[in-house]
Amino acid sequence: MPDTTPPANGRTDRFVRGAGVYDSPEHERFRTALRRFLATELVPHLAEWEAQREVPRWVWRRFGELGYLCPWLEEEYGGSGGDFTHSVIVMEEMALAGVDVEVSLHSDIIAPYIHQFGTPEQKRRWLPGCASGETLLAIAMTEPDAGSDLAAIRTRAVKDGNDYIIDGSKTFISNGAHCDLVIVACRTDSEGPAHKGITLIAVENGAPGFTKGRKLNKLGHHTHGTAELFFESCRVPQTNRIGAEGRGFYYMMRQLQRERLVAAIGSQVNAEAMFELTLQYVKARQAFGQPIGRFQYIAFKMAEMETEIELGRTFLNDLIRDFLHGTDITRKVSMAKWWIAEMANRVAYQCTQLHGGYGYMEEYEITRRFRNVRMDTIAAGTTEIMKMILAKGLGLQ
Ligand SMILES: Cc1cc2nc3c(=O)[nH]c(=O)nc-3n(C[C@H](O)[C@H](O)[C@H](O)COP(=O)(O)OP(=O)(O)OC[C@H]3O[C@@H](n4cnc5c(N)ncnc54)[C@H](O)[C@@H]3O)c2cc1C
């Protein structure tokens, strides 16, 4: 059978990915194999999973089996010994293919908490399952009354013998409905500054007093299993604490830089994918005797979008390079997180418009992308919070 996998795109696409640092022949081979896996094994099921609002568990195990979960993890913990560049390729290819599974949240946002702040015993216990897809992760920071203002969380953890007793609730938790392990931000000290009394505690599925609420009915990202989580006198051993007591806020602020980079990569690739879909569409769709892309209004809209997307890509490539070099990215990632997310939303609006009535139909990919991208200016720090961080840096707040 002829190989119909599209070519790897590190260098060949319109918007050049690879940043000059993850486009080696080895990276291209990794990208091509991943692209083939996504196209042949997962893409044919996307509509079905979207309708069922659920991704079957074998998908996670298959990602694990092929080395696409936590690809940066050392082999001693079951990883494939790659680095963050392999993660970026996974994010890019999944976003391009439209495979909407929370792999980057699991691999590149949550697992690093265990890897960086966990004890050797915690790493041996949990990381192999993270890499194989047996242990699915979630992180629970947000509460019904505290999102942007993380220091205001109320979920409490009180010591009792060798355990913590946790009471409280969390909401909007991605992977929440089917996670096996959730890292919960808890208040362990109500004295002193609010942000100094927060501790991270890992809660395993089945812990007494831990229940998962309903799967939330959202505008988009139907396959993410976003849920509420409840902790009622939930007992977990103190050995489940991640890092030091009272350091949780600091850990989250540190890891949020990586989370925002991951978010910006997702928004950028989504914008690139929507552009390509729309370019094909305006070249094919006929009105008034010619392809609609020939109308100057539409051609100029495409040119404007291409310019904005290229600006995002250039900035993002630079940011990825900074991150890989270990530079502090707080300022630039705050810019990327809000600007690229807002740009992707402008692109989504325009691309949907150019699809006419078909842009409003479920079977059109642009429609799903339009719904999903709306989250990008909200989760992982809203546009307003990103601007607040930048304003503080300017000495204005
Ligand atoms: C699909 C989805 C998935 C998510 N997944 C997770 C997850 O896995 N884990 C998790 O812990 N959380 C998750 N979240 C929660 C997300 O991080 C929060 O929704 C987000 O941080 C905003 O918090 P909030 O919803 O409480 O809004 P609020 O903080 O109440 O903000 C409401 C509005 O006020 C603005 N605002 C707030 N403070 C200021 C200010 N000082 N100045 C100006 N404007 C301000 C905000 O920008 C926003 O526009 C998810 C959210 C969504 C939508």
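The legends below walk you through several close-up views of a predicted model.

Local features here need pLDDT of at least 70 and side-chain atom pairs count only at pLDDT 80 or more, while totals for chains, interfaces and linings use all residues. Residues are numbered from 1 along each chain as its sequence is written, and side-chain values use heavy atoms, with hydrogens and water left out.

**View 1. The largest nonpolar core, seen around F63.** A nonpolar core is a set of buried Ala, Val, Leu, Ile, Met, Phe, Trp, Tyr and Cys residues joined through side-chain atoms within 4.5 Å. Buried means under 20% relative accessible area, exposed over 50%, and partly exposed in between (1.4 Å probe, protein chains only). This core has 91 residues, and F63, I114 and L261 touch the most other members. Helix 7 (residues 248–284) is the top contributor to this core, giving 15 residues; helices (H or I, at least four residues) and strands (E, at least two) are DSSP runs, numbered from the N terminus. If you set aside neighbours within four places in sequence, F63 is in contact with F37, L38, L42, Y68, L69, M94 and V103, where contact means heavy atoms within 4.5 Å. Elsewhere, a second, separate core of 18 residues includes A157, Y164, V203 and A207.

**View 2. Where domain 1 meets domain 2.** The domain assignment, which is automatic or taken from a database, gives domain 1 (25–135), domain 2 (138–246) and domain 3 (250–393). Taken over C-alpha atoms, the centres of domain 1 and domain 2 are 23 Å apart. Across this boundary, 21 residues of domain 1 are in contact with 23 residues of domain 2. About 2000 Å² is buried between domain 1 and domain 2, with carbon and sulfur atoms giving 52% of that area; buried area is the accessible area (1.4 Å probe) that two parts lose on being put together, summed over both. Look for R53, D100 and Y113, which supply 28% of the area that domain 1 buries against domain 2, more than any other three residues.

**View 3. Salt bridges and polar contacts between domain 1 and domain 2.** Three salt bridges are counted between domain 1 and domain 2, each a side-chain nitrogen of Lys or Arg within 4 Å of a carboxyl oxygen of Asp or Glu. There are also 15 residue pairs in polar contact between domain 1 and domain 2 (both at pLDDT 80 or more). A polar contact is a pair of N or O atoms within 3.5 Å; within protein, one must be able to donate a hydrogen and the other to accept it, and residues adjacent in sequence count only if both atoms are side-chain atoms. On the side of domain 1 that touches domain 2, the elements giving two or more residues are helix 2 (46–52), helix 3 (57–65), helix 5 (103–117) and helix 6 (120–132). Helix 5 gives the most to that side, with six residues.

**View 4. R17, in the segment before helix 1 (25–42).** R17 counts as buried because its relative accessibility is 2%. Its side chain makes a polar contact with the side chain of E272 (2.7 Å). Although R17 and V88 are 71 residues apart along the chain, 9.8 Å separates their C-alpha atoms.

**View 5. F288, in the loop between strand 9 (286–287) and strand 10 (290–291).** F288 counts as exposed because its relative accessibility is 82%.
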